[in-house]
Amino acid sequence: MRLRIPNRLEDVFLALDRAGSALERGDVDPACRTDVRLVLEELLVNTVRHGYPDGRDGSIEIQLDIGNDMVRLELRDDAMPFDPLEPEPPDLPGDIALRDIGGLGLHLARSIASDFHYARDEHGNRVVIRFDPSLSDEPAP
């Protein structure tokens, strides 16, 4: 699946539906489909909400490749530079109800992925993530 969307939240959810359909057609394990959707949603929503602080129009390209033993997700955007691997993992002890909202999504995305790479070039940000369905052990909802 290859898709280009504008940097609007309503288009993020259309992209999630398209990705979900592609994963289902590709007969990807339901637990892995859930992992891919969670990571894709986290990254797309973060890009739309924080990547364009000047309010300009932008675009996000999504490429989803489904293989026999892996799912590869590539995102490209023309947002401001942001390396999702750069933030330190959050400090998790204590009562989660007392924590500030935010900061866990990227940590979760990095934890779920089998492989996670970031690069910045003249076209913008590029993130490549691989998922190994054999490592997706959580039951699908």
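Helices, taken as DSSP runs of at least four residues, are numbered from the N terminus, and in this predicted model the loop between helix 1 and helix 2 is where D27 lies. This residue makes a handy starting point. Most residues other than glycine have a negative phi. D27, in contrast, is a residue other than glycine with a positive phi, near 60°. Exposed means over 50% relative accessible area, so D27, at 68% relative accessibility, counts as exposed.

Three helices and five strands make up the protein, and they follow one another along the sequence in the pattern β-α-α-β-β-α-β-β. Of the 141 residues, 37% count as buried. Contacts between residues at least 6 apart in sequence were also examined: 63% of them join residues at least 24 apart.

The largest nonpolar core has 32 residues. Several elements each supply at least two residues of this core: strand 1 (2-6), helix 1 (9-25), helix 2, strand 2 (59-66), strand 3 (71-77), helix 3 and strand 5 (124-131). Helix 2 gives the most, with eight residues. Within the core, I62 and I129 are the residues with the most contacts. Which residues does I129 touch, leaving aside its neighbours within four places in sequence? The partners of I129 are V39, L43, V71, R72, L73, A113, D115 and F116.

Two packed helices are described by the angle between their axes and the distance between the axes. For helix 2 (residues 30-50) and helix 3 (residues 105-112), the angle is about 140° and the axes are 9 Å apart. Angles over 145 degrees would count as roughly antiparallel, and 65 to 115 as roughly perpendicular; the two helices are therefore oblique to each other. The crossing of helix 2 past helix 3 is left-handed. On the helix 2 side, the contact is made by D35, L38, V39, E42, L43 and N46, while helix 3 brings G105, L106, L108, A109 and I112. Sorted by type, the residues of this contact comprise seven nonpolar, two polar and two charged.

Definitions and conventions: Residues are numbered from 1 along each chain as its sequence is written. This is a predicted model: local features need pLDDT of at least 70, side-chain atom pairs count only at pLDDT 80 or more; totals for chains, interfaces and linings use all residues. Side-chain values use heavy atoms; hydrogens and water are left out. Axes are lines fitted to C-alpha atoms, for helices over the stretch in contact, and angles run from 0 to 180 degrees between N-to-C directions. Angles under 35 degrees count as roughly parallel, over 145 as roughly antiparallel, 65 to 115 as roughly perpendicular and the rest as oblique. A crossing is left-handed if the near helix is turned anticlockwise from the far one by less than a right angle, and right-handed if clockwise. Contact means heavy atoms within 4.5 Å. Ala, Val, Leu, Ile, Met, Phe, Trp, Tyr, Cys and Pro count as nonpolar, Asp, Glu, Lys and Arg as charged, and the others, Gly among them, as polar. A nonpolar core is a set of buried Ala, Val, Leu, Ile, Met, Phe, Trp, Tyr and Cys residues joined through side-chain atoms within 4.5 Å. Buried means under 20% relative accessible area, exposed over 50%, partly exposed in between (1.4 Å probe, protein chains only).
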